[in-house]
Amino acid sequence: MAELVLVQRASMLRFSGEITKVSQLSNQDVEAVSKRVSSLYKEYIRFVNQIYFREITAQDQGIEMYNKLHSCLQMESYIKDLDGEIEELHQYISLMEDRERNKKASLLNDIATLFLPITVITGFWGMNQISEVMEENGELSTGFIIQSLLLIIGTLCAICIIYKRKRKL
C-alpha cells in the first residue's frame with residue numbers, strides 16, 4: 001500500500017516536471033507542442049484511471065490507512081493542482097492553435113479580396129470578350145481599354161483594403 005502511494009506521488013511529480021518542460025516550449029512549432037501536450041494529457045488520464053485509486057481495498061482498516069497516507073503526503077491537493085496545470089496548458093495550446101488558424105484564414109481572406117475584382121469583371125463581361133484587343137484600324141478597342149482600367153482600379157482597391165487591414169492589426 002505504501003509502495004502504491006509512493007508510486008502515485010512520484011508519478012505526480014513527474015507529470016508536474018513534464019508540464020514545466022512543455023510550458024517552456026512555447027517558442028517551438030505549435031503543432032509539435034500540441035502533440036506533446038496531447039500525449040501528456042493521454043498519459044495523465046491513464047495515470048488517473050490505472051494508478052490513482054480512491055480505494056484499494058474493501059476493508060475499513062485498509063481504507064483508513066490508505067487515506068492517512070494520502071493525507072500525510074497531501075495527495076488530494078497535489079492532484080487538484082496537477083489537474084489545474086494540465087487544464088491551463090491545454091487551454092494555452094488551444095489558444096495558440098486558434099491564433100495559427102486565424103492567421104491562415106486571414107491570408108485566405110486577403111487572397112480572396114485580391115481576386116474579387118478580377119472575378120467580378122470576368123463574370124460581368126465574360127472570359128472571351130477581352131480577346132478583342134485590336135480594332136481593324138490598328139488601335140486598341142474601347143472595350144479592352146475600359147476592361148483594363150476597371151481591372152487595374154479594382155486590383156488597386158483590393159490592395160488598399162488589404163494594406164489598411166494590415167495597418168489596423
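Biologist: Which helices each supply at least two residues of the lining of the largest cavity?

Modeller: Those are α2 and α4. Helices here are DSSP runs of H or I with at least four residues, strands are E runs of at least two, and both are numbered from the N terminus. The model is predicted, so local features need pLDDT of at least 70 and side-chain atom pairs count only at pLDDT 80 or more, while totals for chains, interfaces and linings use all residues. Residues are numbered from 1 along each chain as its sequence is written, and side-chain values use heavy atoms, with hydrogens and water left out.

Biologist: Which residues line the largest cavity?

Modeller: The lining consists of Val37, Leu40, Tyr41, Ile86 and Leu89. Helix α2 gives the most, with three residues. A cavity is a set of points on a 1 Å grid over the protein atoms alone where a 1.4 Å probe fits but cannot get out, and lining residues have an atom within 4 Å of a point.

Biologist: What volume does the largest cavity have?

Modeller: Its volume is about 30 Å³. Volume here is the space filled by probe spheres set on the points, with grid points joined across faces, edges and corners. The count comes to one cavity of 30 Å³ or more.

Biologist: How many helices and strands does the protein have?

Modeller: There are five helices and zero strands, which gives the pattern α-α-α-α-α along the sequence.

Biologist: How much of the protein is buried?

Modeller: Of the 169 residues, 21% count as buried. Buried means under 20% relative accessible area, exposed means over 50%, and partly exposed lies in between, with a 1.4 Å probe and protein chains only.

Biologist: Where is aspartate 110, and is it buried or exposed?

Modeller: Aspartate 110 is in helix α4 (residues 75-125). It is buried because its relative accessible area is 7%. Leaving aside residues up to four places away in sequence, aspartate 110 touches Ile162, Arg165 and Lys166. Contact means heavy atoms within 4.5 Å.

Biologist: Changing topic, how many salt bridges are found?

Modeller: A search of the whole structure finds five. A salt bridge is a side-chain nitrogen of Lys or Arg within 4 Å of a carboxyl oxygen of Asp or Glu. One of them pairs arginine 36 with glutamate 18, with the closest N and O atoms 3.4 Å apart. This pair links distant parts of the chain, as arginine 36 is in helix α2 (residues 30-50) and glutamate 18 is in helix α1 (residues 2-23), 18 residues apart.

Biologist: Which residue forms a salt bridge with glutamate 31?

Modeller: That partner is lysine 35, and the closest N and O atoms are 3.7 Å apart. Both residues lie in helix α2, four residues apart, or about one turn of the helix. Lysine 35 counts as exposed because its relative accessibility is 55%.

Biologist: What about glutamate 43 and arginine 46, and why are they separated by about one helical turn?

Modeller: They are separated by about one helical turn because they are three residues apart in helix α2.

Conventions. 1 Å grid on protein atoms, 1.4 Å probe; cavity = no way out; pocket = protein on both sides within 12 Å on 5 of 7 lines; lining within 4 Å.
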